[in-house]
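Here is a protein model with a ligand for you to explore. Take a look at the sequence and the 3D view, and then follow the notes below.

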Amino acid sequence: MKLIIAIVQDKDSNRLSNLFIQADVRATKLSTTGGFLKSGNTTFMIGVEDQRVEEILELIKDSSRTRKQFMTPPVNLDASMDSSAAYPIEVQVGGATVFVLPIDAFHQF
Ligand code: 2BA
């Protein structure tokens, strides 16, 4: 058995949830925050038999889009109090960031 942890953009999360329901995939959805952009994303935890891993990776791949986002870096004030200009920079986000981990034990009590 494997644990798939998939971080997807909020805009893709509903589509993916629906695909999981249709495919009878059990998943837990967490509201998370990207460490770099500090904006919301969605993390799915999916416990699954080894033979279904590839099928689930395909569902995630098909429902995740790459998008460009702008972020404004924090303004720096140096000793002379001159602020270095903070121009928005373009960042490419996604599709999805996925980890596949082995599971030692799985219990439902
Ligand atoms: P964020 O940390 O908010 O990152 C959003 C996007 O910003 C990243 O997209 C990447 O293109 C860019 N980025 C991240 N750190 C950067 C840096 N130090 N310098 C320049 N650009 C940077 P993705 O790579 O598609 O990641 C999307 C989200 O997936 C991330 O949101 C984070 O929540 C998660 N993630 C990505 N890699 C991860 C990892 N190795 N471990 C844990 N979470 C990860």
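Sorted by class, the shell around the ligand holds six nonpolar, six polar and no charged residues. Here Ala, Val, Leu, Ile, Met, Phe, Trp, Tyr, Cys and Pro count as nonpolar, Asp, Glu, Lys and Arg as charged, and the others, Gly among them, as polar. This is a predicted model, where local features need pLDDT of at least 70 and side-chain atom pairs count only at pLDDT 80 or more, while totals for chains, interfaces and linings use all residues. Residues are numbered from 1 along each chain as its sequence is written, and side-chain values use heavy atoms, with hydrogens and water left out.

**Around the ligand**
- The residues surrounding the ligand (a heavy atom within 4 Å) include I7, G34, F36, L37, N41 and F99.
- Strand β7 (89-93) and strand β8 (97-102) each supply at least two residues of this shell, and the largest share, three residues, comes from β7. Strands are DSSP runs of E with at least two residues, helices are runs of H or I with at least four, and both are numbered from the N terminus.
- The protein covers 51% of the 750 Å² of accessible area that the ligand has on its own (Shrake-Rupley method, 1.4 Å probe; for residues, only the protein chains shown count as cover).

- In α2 (residues 53-63), V53, I56, L59, I60 and S63 are buried. Buried means under 20% relative accessible area, exposed over 50%, and partly exposed in between (1.4 Å probe, protein chains only).
- An α-helix has 3.6 residues a turn, so residues three or four places apart point the same way.
- E54 and K61 are exposed on the other side of α2.
- The buried residues of α2 pack against β1 (2-9), α1 (10-22), β3 (40-48) and β8 (contact means heavy atoms within 4.5 Å).

**A closer look at S13**
- S13 lies in helix α1, and with 6% relative accessibility S13 counts as buried.
- Leaving aside neighbours within four places in sequence, S13 is in contact with V8, K29, T42 and F44.
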